[in-house]
Amino acid sequence: MSRIGKAPISFADGVTVSVDKSNVVTVKGPKGELSESIDADLTVKAEDGVITVERPTEQKRHKAMHGLYRSLINNMVVGVTEGYKKELELIGVGYRVANTGQLLELTLGYSHPIYFVVPEEIALTTQMEKGKTPRVILEGIDKQLIGQVAAKIRAFRKPEPYKGKGVKFVGEQIRRKAGKTAAK
């Protein structure tokens, strides 16, 4: 991870980065504000539109933390400038999706509908068009939160390998298996 940690992070003019004494990095941009607590051993410097993360020694732990926190800070900078988006599609007969504000209602072939409350930080939209698979679109600035919410929604009905039914990410390839062969 040390090669990742050594790479500097550049940010645009509309983004402000501040590091306080307790090693909390705060990134403010046009889409919002994010902050992350950084390991006390590492030093973060934000100067002239470039953020650098430095480690004190070549210990394995410091190398791992170096790459991790550099990636987390980079994700925060990308989040407040561009934002993140995840799309899920529901594949199966009778699978439906609807939302009322932040309340997501999924009909996934169970005897009951599933209700899931999406956090306020994420913008939730659903698409139900005739002839197309139903979709759930999650948008926001926090990459970790969007990934976690998308994984929870997918976990309600994971895609199965025989027919491919379930909730999957758009563009995800499902490994398909052959069914049973008929006996002679």
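**Reading a predicted model, feature by feature**

Trainee: Which residues form a nonpolar patch on the surface, and what is their accessible area together?

Mentor: L103, Y115 and V117 form that patch, and together they have about 300 Å² of accessible area. Patches are built from residues with over 30% relative accessible area and no salt bridge, where nonpolar side chains (Val, Leu, Ile, Met, Phe, Trp, Tyr) are joined within 5 Å and like charges within 9 Å. The areas come from the Shrake-Rupley method with a 1.4 Å probe, and for residues only the protein chains shown count as cover. Before we go on, note that this is a predicted model, in which local features need pLDDT of at least 70 and side-chain atom pairs count only at pLDDT 80 or more, while totals for chains, interfaces and linings use all residues. Residues are numbered from 1 along each chain as its sequence is written, and side-chain values use heavy atoms, with hydrogens and water left out.

Trainee: Where is L103 placed, and is L103 buried, partly exposed or exposed?

Mentor: Strands (E, at least two residues) and helices (H or I, at least four) are DSSP runs, numbered from the N terminus. L103 is in strand β9, which covers residues 103–107. Buried means under 20% relative accessible area, exposed means over 50%, and partly exposed lies in between, with a 1.4 Å probe and protein chains only. L103 counts as partly exposed because its relative accessibility is 34%. T107 also lies in β9, but T107 is buried, with a relative accessible area of 19%.

Trainee: What does I9 contact, leaving aside its neighbours within four places in sequence?

Mentor: Contact means heavy atoms within 4.5 Å. With those neighbours set aside, I9 is in contact with G49, V50, I51, R70, I73, N74 and V77. I9 lies in strand β1, residues 9–10, and counts as buried because its relative accessibility is 2%.

Trainee: How should I read a helix such as α2, and what is its reach from first C-alpha to last?

Mentor: An α-helix has 3.6 residues a turn, so residues three or four places apart point the same way. The expected span of a helix is 1.5 Å times one less than its number of residues. Helix α2 (residues 60–81) has 22 residues and reaches 32 Å, close to the 32 Å expected. Among the buried residues of α2 are H62, H66, Y69, I73, M76 and V80. After α2 comes G83, whose phi is positive, near 90°.

Trainee: In which sense does β7 pair with β12, and over how many bridges?

Mentor: Two strands pair if DSSP finds at least two bridges between them. Strand β7 (residues 84–91) and strand β12 (residues 135–140) pair in the antiparallel sense over 6 bridges, with K86 opposite L138 in β12. Strand β11 (residues 123–127) also pairs with β12 in the antiparallel sense, over 5 bridges, and here L124 stands opposite L138.

Trainee: How many salt bridges does the structure hold, and which residue pairs with E87 in one of them?

Mentor: Side chains of opposite charge can pair when their charged atoms come close. A salt bridge is a side-chain nitrogen of Lys or Arg within 4 Å of a carboxyl oxygen of Asp or Glu. The structure holds 11 salt bridges. In one of them the side chains of E87 and R135 meet at 2.8 Å, N to O. This pair links distant parts of the chain, with E87 in strand β7 and R135 in strand β12, 48 residues apart. E87 is partly exposed, with a relative accessible area of 23%, and R135 is partly exposed, with 23%. A network of salt bridges links K85, E87, E89, R135 and K168.

Trainee: What forms salt bridges with E58?

Mentor: E58 forms a salt bridge with R55, the closest N and O atoms being 3.0 Å apart, and another with K63, where the closest N and O atoms are 3.8 Å apart. E58 is exposed, with a relative accessible area of 56%, whereas R55 counts as buried at 16% relative accessibility and K63 is partly exposed, with a relative accessible area of 30%.
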